Amino acid sequence: MKNTKSKSVEIIILKTSKDKGYIQHYPESITLKEMQDIVGGLIELLPIGNEEFMVINEEGLLLNLPVNKLAKEYLLNKSPRLGEFYNIVGDVFIIHSKNLK
């Protein structure tokens with residue numbers, strides 16, 4: 001008998017307009033369009049560890065998007081060197097590397 005249980009993808013969304021992040025589930029995978037919708041434009045993958053990526057708006061600084069304090073704090077906790085170097089702007093999300101195709 002085949003295993004028909006679908007693999008769920010979980011991401012953590014960190015919005016500039018919220019005080020805390022929240023988890024969003026996708027049934028099997030997240031599409032490029034869905035990723036772009038979350039960040040509001042073209043995506044850029046920022047590796048923040050061996051197994052996680054922060055997905056950010058590639059043109060966030062050029063578009064003068066607001067600073068994302070939640071994302072900055074998350075990055076400082078996960079990767080202090082990157083956290084000190086990067087200014088994170090706009091809405092972002094965190095995804096496990098196994099969920100990227």
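This report covers the sheet, the helices and a few side chains of a predicted model.

## Basis

The model is predicted: local features need pLDDT of at least 70, side-chain atom pairs count only at pLDDT 80 or more, and totals for chains, interfaces and linings use all residues. Residues are numbered from 1 along each chain as its sequence is written, and side-chain values use heavy atoms, with hydrogens and water left out.

Five strands form an open sheet in the order 2-1-5-4-3, with antiparallel pairing. The edges are strand 2 (22–26) and strand 3 (43–47), each of which pairs on one side only. On average, neighbouring strands are turned by 30° against each other, direction ignored. Strands (E, at least two residues) and helices (H or I, at least four) are DSSP runs, numbered from the N terminus. Two strands pair if DSSP finds at least two bridges between them. Axes are lines fitted to C-alpha atoms, for helices over the stretch in contact, and angles run from 0 to 180 degrees between N-to-C directions.

Strand 1 (residues 9–14) runs antiparallel to strand 2, and five bridges join them. Within this pairing, glutamate 10 stands opposite histidine 25 in strand 2.

## Helices across the sheet

Helix 1 (residues 32–39) lies across strands 1, 2, 3, 4 and 5. Its angle to strand 5 (92–96) is about 140°. Helix 2 (residues 69–78) lies across strand 1, strand 3, strand 4 and strand 5, and runs at about 150° to strand 4.

The buried residues of helix 2 are Ala71, Tyr74 and Leu75. They sit on the same side of helix 2, because they cover an arc of only 95° around the axis. That arc is taken from the directions from the helix axis to the C-beta atoms. Buried means under 20% relative accessible area, exposed over 50%, and partly exposed in between (1.4 Å probe, protein chains only). The buried residues of helix 2 pack against strand 1, strand 3, strand 4, helix 3 (80–85) and strand 5. Lys69 and Asn77 are exposed, on the face turned away from the buried side.

## Glutamate 52

Glutamate 52 belongs to strand 4 (residues 52–57). Its relative accessible area is 17%, so glutamate 52 is buried. Its side chain makes a polar contact of 3.4 Å with the side chain of lysine 78. A polar contact is a pair of N or O atoms within 3.5 Å; within protein, one must be able to donate a hydrogen and the other to accept it, and residues adjacent in sequence count only if both atoms are side-chain atoms. Not counting residues up to four places away in sequence, glutamate 52 touches several residues, among them Leu46, Tyr74, Ile95 and His96. Contact means heavy atoms within 4.5 Å.

## Leucine 42

Leucine 42 sits in the loop between helix 1 and strand 3. It is partly exposed, with a relative accessible area of 38%. Beyond its neighbours within four places in sequence, leucine 42 is in contact with Gln36, Ile56, Asn57, Glu58 and Glu59. Methionine 54 is 12 residues from leucine 42 in sequence and 13 Å from it in space, C-alpha to C-alpha.

## Aromatic pair

Rings of Phe, Tyr and Trp (its six-membered ring) pair if their centres lie within 6.5 Å; planes under 30 degrees apart count as stacked, over 60 as edge-to-face and the rest as tilted. By this rule there is one aromatic pair. The rings of phenylalanine 85 and tyrosine 86 have centres 5.2 Å apart and planes at 85°, so the pair is edge-to-face. Phenylalanine 85 is exposed at 64% relative accessibility, while tyrosine 86 is partly exposed at 25%.
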